[in-house]
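Thanks, everyone, for making the time. I would like to walk you through one structure, going from the whole chain down to a single pair of packed elements, so please have a look at it first.

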Amino acid sequence: MQKVFHIESFATSDVGLVRGNNEDVVKVLDKLHFYALADGMGGHNAGEVAAEKACEYMCHLVESLPLESLTEKDIAILGEKIVSIMEKTNLWVHHLSRQSPHLTGMGTTLCSLLFFGNFMISSHVGDSRIYRLRKGVLKQITKDHLTYKMVGGDGAQTIQRKHALTQAIGTSVKVKPSLLTSEAMEGDLFLMCSDGLSDLVKDEEMEKILKSHISLEAASKFLITLAKSRGGHDNITLLLTKLDLKKT
């Protein structure tokens, strides 16, 4: 029997305490139950452009999907279409980066959620994350596209663990988006966020706040305040979605 979910969402973004501009972007297509979040990178305002154009273009392509003609039996096909859309989005941002000298080298992370019938489809490139809170347990359902290396001087005190993205939207012609399709459940709560949140707030802290039964807006404010109390060195962006059964 197909469940009919009511999906509540709340999105917010904060510039943080250090950056001069906000290069994070979040987009919501509530009618289609589609949500996208990007964390841009690049000199000047190029990162902001990359994130905005990536979310904008991906949403445009999702809006063109023939969702009304698909059923849950087509969920694998829909997943393939989302991957294709993310690949096309990458090509579009890469194309734009070559049109102007001040956009050269721009790129962005990109993650998305689509709810269709009983299913959730997530996709991502980069290290913007998606978490799922189910029955009080928070789980990261994306895997960061990162590589780590040790850098520093001769003394052990100066060595630090640095990370770099292994792929991003717009920085090369090809990307390999990660895709996850799984059954959604009543009460599921999903958190999408940029690393301005996940670098500073521990998973167990997120879990405690998200399962405290406060509103999505209040939970978002708590998470951003906590990240800023730890330095707020990056833009902080998050989107929460909660699934409940529609009352008939």
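This is a predicted model: local features need pLDDT of at least 70, side-chain atom pairs count only at pLDDT 80 or more; totals for chains, interfaces and linings use all residues.

Of the 248 residues in the protein chain, 48% are buried. If we turn to the contacts with a separation of 6 or more, 70% of them in this chain are between residues 24 or more positions apart.

As for secondary structure, the protein chain holds 13 strands and 5 helices. Its radius of gyration is 18 Å, close to the 18 Å that the globule rule gives for 248 residues, so the chain is as compact as a globular protein of that length. Taken along the principal axes, the box that the C-alpha atoms fill is roughly 65 × 45 × 30 Å.

Now to the pair of helices I wanted to show you. How do α1 and α2 pack? Helix α1 covers residues 46-63 and helix α2 covers residues 75-97, and they pack at an angle of about 140° with their axes 9 Å apart. Angles over 145 degrees would count as roughly antiparallel, and α1 and α2 are therefore oblique to each other. Their crossing is right-handed.

Which residues meet there? From α1 come A50, K53, A54, Y57, M58, L61 and V62, and they meet I82, I85, M86, K88, T89, W92, V93 and L96 in α2.

Technical notes
Residues are numbered from 1 along each chain as its sequence is written. Side-chain values use heavy atoms; hydrogens and water are left out. Axes are lines fitted to C-alpha atoms, for helices over the stretch in contact, and angles run from 0 to 180 degrees between N-to-C directions. Helices (H or I, at least four residues) and strands (E, at least two) are DSSP runs, numbered from the N terminus. Angles under 35 degrees count as roughly parallel, over 145 as roughly antiparallel, 65 to 115 as roughly perpendicular and the rest as oblique. A crossing is left-handed if the near helix is turned anticlockwise from the far one by less than a right angle, and right-handed if clockwise. Contact means heavy atoms within 4.5 Å. The radius of gyration is taken over C-alpha atoms; the globule rule is 2.2 Å times the number of residues to the power 0.38. Buried means under 20% relative accessible area, exposed over 50%, partly exposed in between (1.4 Å probe, protein chains only).
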